[in-house]
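Colleague: I would like to go through this model with you, one question at a time. Shall we put it on the screen?

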Amino acid sequence: MSEFLQHLINMLVLGGTYALLGIGLTLIFGIMNVVNFTHGVLYTFGAYIMFIVVQQLGLNFFLALPVAVLAGWLLGAVIELTLLRPLRGSDIDTTMLVMIGAWIAMQSGTLWIWGGVAKSVATPFPEAPLVLGPVSVSWLRLFVLAAAALLILVTYLLINKTSLGRAMRATFQDHDTASLMGVNVDMIYTSTFAIGSSLAAAAGALLGPVYVIFPQMGDLAAVKAFAIVILGGLGNITGAVIGGFILALAEELGAGYVSSGYRDAMGFLIIIAVLIFRPTGLFARAERVG
Amino acid sequence: MTRALGLVPTIALATALFGGAAGAQTIKIGVNEPLTGAFAASGTYVVNGAKIAADEINAKGGILGKKIELVIEDNKSNPTEAAAVAEKLITSDKVPVLMGAWGSSLTLAVMPKLMEYETPMVVETSSSGKITTTGNPFIFRISPPSAVEAAAFKGIVDKLALKKVDFLVINNDWGRGTAEDFSKMMKDKGITIGLVETMDQGAQDMSAQLSKIKSSDSETVIVTTAVDQLTLIFKQAAALGLKKRIITTGGSQNPDQIIAQAGAAANGTMHLTTFLPWFPDKTPNPEATNYFITEWKKRGFDFAGCTESFRGYDGIRAAAAAIEKAGKAEPAAIKAALWDVKVKGLNGDIVFRKSGPEGKESGQSQPNVYLIEIADGKIEMKTL
């Protein structure tokens with residue numbers, strides 16, 4: 001029983017971070033329809049910003065977090081302006097190839113600058129975990145869970161309750177009509193990509209100190225983010241959050257009670273099932289086709 | 001404009017020709033290591049160690065009157081790439097001998113290419129037993145296979161009073177091979193084997209596996225993986241309040257990096273390692289060890305990398321000694337000469353003994369294995 005409770009706690013902590021990874025990508029992949037292969041690198045980028053600010057500049061951990069989010073926002077804006085804007089209107093394959101190129105170039109860039117040796121970031125949290133009866137969890141992971149919940153809430157409100165969010169949804173639903181209604185479509189494209197990117201960087205900045213930081217850390221994260229987005233339904237923030245927790249639950253219980261060798265396969269088995277039985281994702285609203 | 005552009009390939013061709021002519025003045029050794037991907041850090045250390053050996057040999061006048069030239073290729077921590085890179089080194093760069101390929105799965109992928117092109121390879125790091133037991137006569141290994149590690153560990157299991165042991169290993173030939181060899185040795189000693197858990201090469205969160213191990217009734221966990229995952233495991237085990245004794249194997253732990261990154265979580269962990277850069281005087285060849293460590297520091301590399309890089313240094317010296325003995329830089333002659341090599345390695349004499357099925361034996365050297373413990377952020381040696 002105590003093992004089961006520990007798995008549930010692990011699921012909660014892991015699910016929060018998966019949800020954060022998912023919502024950033026669902027904005028870009030789900031709403032903008034850009035197959036964003038740079039999501040993982042932006043995650044890595046956020047983690048390295050933490051490393052620079054905390055370890056190299058010696059500044060405060062909590063100050064470093066907004067710096068990483070801002071840096072992710074800027075890098076996202078630059079990618080949109082230089083790579084995606086000239087490609088707007090071209091087919092999905094071309095965009096995908098360019099994004100794959102950007103991913104490889106940026107990942108090699110991090111390897112070139114920081115080398116392959118993993119880095120770690122010191123945190124102000126105590127090393128001794130919080131022990132609650134038979135289960136224990138580290139303070140840092142609890143903080144990450146709380147921060148992720150806050151970021152998810154802010155994103156949800158931004159998309160669903162603000163005029164910027166309304167303009168975003170309008171733009172990607174019907175680009176021409178939105179433009180006729182006076183929406184600055186170019187600005188919307190850039191800011192959506194930048195917000196999605198800043199969320200990826202935020203996830204990296206929060207998880208980098210939990211794990212270790214190295215150039216390939218974003219690869220697995222990106223694969224999982226895609227899985228979560230497909231699971232939850234493209235462009236659906238609530239779906240991405242629930243998808244994140246489902247993936248974490250599948251991994252925890254799969255590794256705990258089936259076989260740890262297939263841990264990373266569990267999530268994908270669920271996705272195959274979802275694609276067979278509910279191809280639009282678990283939480284996609286019914287849509288009119290054509 | 002078109003004509004001007006036409007010049008470019010001509011210049012390139014000329015450069016290539018001159019380059020090729022210059023290349024004939026050197027003896028090439030192919031180096032097949034992971035410089036990107038999950039094992040980038042370790043592979044880079046090994047290559048830097050290899051460069052120290054090449055520079056040392058060249059400073060003393062090279063071999064057979066020629067300088068050594070390392071042709072270094074990145075296998076991207078990927079078995080498919082490792083095989084492709086080996087083929088490129090042999091067919092296009094015409095190297096007569098290789099060193100590689102760090103990981104067991106990487107080395108196993110390269111092995112059929114060695115058979116195909118009849119070119120020998122010095123294996124510097126891999127520890128899966130399969131490498132020297134499947135009958136590939138082009139393999140000459142200087143690192144200990146996991147069975148040798150297990151045998152060395154045998155002496156201390158009584159002292160540690162092991163009763164029941166769980167395993168947490170990387171899900172590849174290296175990890176699964178270690179779990180197999182250590183289980184066999186421990187069963188013979190009457191130790192119960194509990195859980196055997198695995199983790200993927202790039203996995204970052206091992207909490208699920210560790211939670212399972214936490215609930216088992218074993219008192220010791222044997223962990224096999226490279227340094228980055230070890231760091232994560234120690235941190236996550238501490239966060240879960242896992243209080244079992246942890247012993248790591250495989251020799252790719254870089255204990256200094258673990259201490260720096262896992263902090264207090266690393267205290268009390270034990271590690272089976274194949275080099276003692278912290279105690280040069282206790283190594284089999286103190287003079288060479290001191291030279292290597294001084295040179296490593298002089299080049300500004302991280303001391304933590306010594307436990308990996310010495311293999312690249314030893315591997316290149318073994319290959320160079322074989323070329324010298326062969327008297328010519330040809331694959332068949334080098335392969336024959338490797339059997340007669342006797343090099344004073346940083347971790348014991350490098351002498352290849354026959355291993356595997358008769359008639360097509362691989363070469364296996366018998367390096368030393370040590371047990372160290374991290375206590376209060378410092379490394380202490382345990383006697384085996």
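**Strands, crossovers and a chain contact**

Colleague: How many bridges join strand E8 (residues 220-224) of chain B to E9(B)?
Modeller: Bear in mind that this is a predicted model. E8(B) and E9(B) run parallel. Within this pair, Val223(B) has Thr248(B) of E9(B) as its bridge partner. The number of bridges between the two strands is 5.

Colleague: The chain crosses from E8(B) to E9(B); through which helix?
Modeller: The crossover is a β-α-β one, and it is right-handed. The helix on the path is H9(B).

Colleague: Which strand holds the residue opposite Thr248(B)?
Modeller: Thr248(B) stands opposite His271(B). The strand pair here is joined by 2 bridges and runs parallel. His271(B) belongs to E10(B).

Colleague: How many residues of strand E9 (residues 245-249) of chain B are buried?
Modeller: Buried calls for 20 or more other C-beta atoms within 10 Å. E9(B) is mostly covered. Of its 5 residues, the buried ones number 4.

Colleague: What is the bridge partner of Thr273(B) in E15(B)?
Modeller: Strand E10 (residues 270-273) of chain B and strand E15 (residues 370-375) of chain B run antiparallel. They are joined by 4 bridges. Thr273(B) is paired with Tyr370(B).

Colleague: Which strands stand at the edges of the sheet?
Modeller: The sheet is open, with 7 strands in the order E7-E6-E8-E9-E10-E15-E16 (chain B) and mixed pairing. An edge strand has a single partner, so one of its sides lacks a neighbour in the sheet. The twist averages 25° from one strand to the next. The edge strands are E7 and E16 (378-382) of chain B.

Colleague: Which element gives the most to the side of chain B that touches chain A?
Modeller: The contact takes 34 residues from chain B and 33 residues from chain A. H2 (40-59), E7 (192-199), H8 (207-215) and H9 (227-239) of chain B each supply at least two residues of that side of chain B. By class, the side has 12 nonpolar, 15 polar and 7 charged residues. With 7 residues, the top contributor is H8(B).

How values were computed. Residues numbered from 1 in each chain as written. Chains lettered and ligands numbered in written order. Predicted model: local features only at pLDDT ≥ 70, side-chain atom pairs only at ≥ 80, totals over all residues. Contact = placed C-beta atoms within 7 Å. Nonpolar A, V, L, I, M, F, W, Y, C, P; charged D, E, K, R; others polar. Pairing = 2+ DSSP bridges. Axes fitted to C-alpha atoms, helices over the stretch in contact; angles between N-to-C directions. Buried ≥ 20, exposed ≤ 12 C-beta atoms within 10 Å, placed from the backbone. Right-handed = clockwise from strand over helix to strand, strands pointing away.
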